[in-house]
Amino acid sequence: MDWQPDEQGLQQVLQLLKDSQSPNTATQRVVQDKLKQLNQFPDFNNYLIFVLTRLKSEDEPTRSLSGLILKNNVKAHFQSFPPPVAEFIKQECLNHLGDASSLIRATIG
């Protein structure tokens, strides 16, 4: 499966990741609510793995945060992921275990 993100959806996910790094508690609440909404869409996890593994134009903390959110989603919901989503995540992790960034390698691992 060679999944490609919708550009508008990708920009929304990136903005959410950046907002989640805000120290403002009101912003954090909004981010948490949005994450709950997005977790209802299995494709959301494809966006997260895409940011983590392929979006090298983003800074490492944003990419790593994407991976941490994905890890929590996998722990909580992996059994309900559609098979193509689960396979895409597994394949992306395997393909990028050798990332140049030690932070990204650790997050993928």
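In helix 3, F44, N45, L48, I49, V51, L52 and T53 meet T62, R63, S64, S66, G67, I69, L70 and N73 of helix 4, where contact means heavy atoms within 4.5 Å. Sorted by class, that contact holds seven nonpolar, seven polar and one charged residues. This is a predicted model, so to speak of local features takes pLDDT of at least 70, side-chain atom pairs count only at pLDDT 80 or more, and totals for chains, interfaces and linings use all residues. Residues are numbered from 1 along each chain as its sequence is written, and side-chain values use heavy atoms, with hydrogens and water left out.

**The helix 3 and helix 4 pair**

- Helix 3 covers residues 43–54 and helix 4 covers residues 60–77; their axes come within 8 Å and cross at roughly 145 degrees.
- Those axes are lines fitted to C-alpha atoms, for helices over the stretch in contact, with angles running from 0 to 180 degrees between N-to-C directions.
- The two helices make a left-handed crossing, the label used if the near helix is turned anticlockwise from the far one by less than a right angle (clockwise would be right-handed).
- For the class tally, Ala, Val, Leu, Ile, Met, Phe, Trp, Tyr, Cys and Pro are nonpolar, Asp, Glu, Lys and Arg are charged, and the others, Gly among them, are polar.

**Overall fold and size**

- You get six helices and zero strands here, and the pattern along the sequence reads α-α-α-α-α-α.
- Helices (H or I, at least four residues) and strands (E, at least two) are DSSP runs, numbered from the N terminus.
- The radius of gyration is 13 Å, which agrees with the value near 13 Å for a compact globule of 109 residues; it is taken over C-alpha atoms, and the globule rule is 2.2 Å times the number of residues to the power 0.38.
- Along the principal axes, the C-alpha trace spans about 35 × 30 × 25 Å.
- Take the contacts between residues at least 6 apart in sequence: 66% of them join residues at least 24 apart.

**Surface and burial**

- Of the 109 residues, 40% count as buried, meaning under 20% relative accessible area, with exposed over 50% and partly exposed in between (1.4 Å probe, protein chains only).
- The accessible surface comes to about 6300 Å², and 54% of it belongs to carbon and sulfur atoms.
- Those areas come from the Shrake-Rupley method with a 1.4 Å probe; for residues, only the protein chains shown count as cover.

**Residues in helix 4**

- V74 sits in helix 4 and is partly exposed, at a relative accessible area of 27%.
- V74 and I89 are 15 residues apart along the chain, with 9.5 Å between their C-alpha atoms.
- L65 is also in helix 4, and beyond residues up to four places away in sequence, L65 touches L17, S20 and Q21.
- From L65 to D99 is 34 residues in sequence and 16 Å in space, C-alpha to C-alpha.

**In and before helix 1**

- K18 belongs to helix 1 (residues 7–19) and is partly exposed, with a relative accessible area of 36%.
- Setting aside neighbours within four places in sequence, K18 is in contact with E58, D59 and T62.
- K18 and P84 are 66 residues apart along the chain, and their C-alpha atoms are separated by 27 Å.
- D6 lies in the segment before helix 1 and is partly exposed, at 45% relative accessible area.
- D6 and Y47 are 41 residues apart in sequence, yet 9.0 Å apart in space, C-alpha to C-alpha.
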